[in-house]
Amino acid sequence: MKNFQLIYWSQPFGYNLEILSSILTTSRVNNKKRNITGALICREDIFLQLLEGPKTDIEETYGSIKRDDRHLNVQQLVDRNIDERLFPAWAMKDDPVKTWMWSKEEVAKGIVGELPQDEIVKVFEKLSKESSIFKF
Ligand SMILES: Cc1cc2nc3c(=O)[nH]c(=O)nc-3n(C[C@H](O)[C@H](O)[C@H](O)COP(=O)(O)O)c2cc1C
């Protein structure tokens with residue numbers, strides 16, 4: 001069966017390491033149960049998350065995420081069927097800062113919402129190719 005891919009962005013509310021760690025811990029436990037994988041790019045001014053897996057599970061998880069008060073203005077950027085996952089080994093990879101290509105000023109002006117879908121997907125394709133030692 002084909003997998004589904006969903007990407008959204010949002011504005012963190014009360015961002016700190018403790019909150020981030022709690023989000024990632026819950027995500028990894030829940031996502032493993034639902035066969036969801038993906039990545040969460042995070043910086044104090046933006047969350048950008050890719051979720052991939054069975055469509056119904058993604059929709060359910062995204063429903064919970066949208067109701068979460070640890071972020072605001074959740075906006076969907078991409079939703080499509082995919083043949084292959086980008087992060088098959090990751091219940092939720094986290095990427096704090098290092099792949100960032102947009103300045104805080106650009107993000108504040110809403111650049112992410114204006115980019116074509118393939119530019120957004122490219123950010124995650126690049127991230128998926130970076131090798132990592134730690135897998136969760
Ligand atoms: C930026 C962000 C990303 C999140 N990503 C996930 C995720 O990938 N999977 C998940 O189950 N919950 C994720 N959550 C947490 C959900 O919003 C919600 O708290 C959680 O699914 C509730 O789980 P529970 O019903 O087991 O308490 C995320 C929350 C935020 C703020």
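Me: What makes strand β1 (residues 3–12) and β3 a pair?
Reply: Two strands pair if DSSP finds at least two bridges between them, and seven bridges join β1 to β3, which run antiparallel, so these two strands meet the definition of a pair. Within β3, Leu50 stands opposite Ile7. This is a predicted model, in which local features need pLDDT of at least 70 and side-chain atom pairs count only at pLDDT 80 or more, while totals for chains, interfaces and linings use all residues. Residues are numbered from 1 along each chain as its sequence is written.

Me: How do you know that strand β2 (residues 37–43) pairs with β3?
Reply: Seven bridges join β2 to β3, and the two run antiparallel; Cys42 stands opposite Phe47 in β3, and the two strands form a hairpin with two residues between them.

Me: Why is β3 called mostly covered?
Reply: A residue is buried if 20 or more other C-beta atoms, placed from the backbone, lie within 10 Å of its own, exposed if 12 or fewer, and partly exposed in between; because seven of the eight residues of β3 are buried, the strand is called mostly covered.

Me: Which elements each supply at least two residues of the shell around the ligand?
Reply: They are α1 (17–34), β3 (46–53) and α2 (55–67), where helices (H or I, at least four residues) and strands (E, at least two) are DSSP runs, numbered from the N terminus. The largest share, five residues, comes from α1, and Ser27, Asn30, Ser64, Asp68 and Arg70 come nearest of the 16 residues around the ligand.

How values were computed
Near = placed C-beta within 6 Å.
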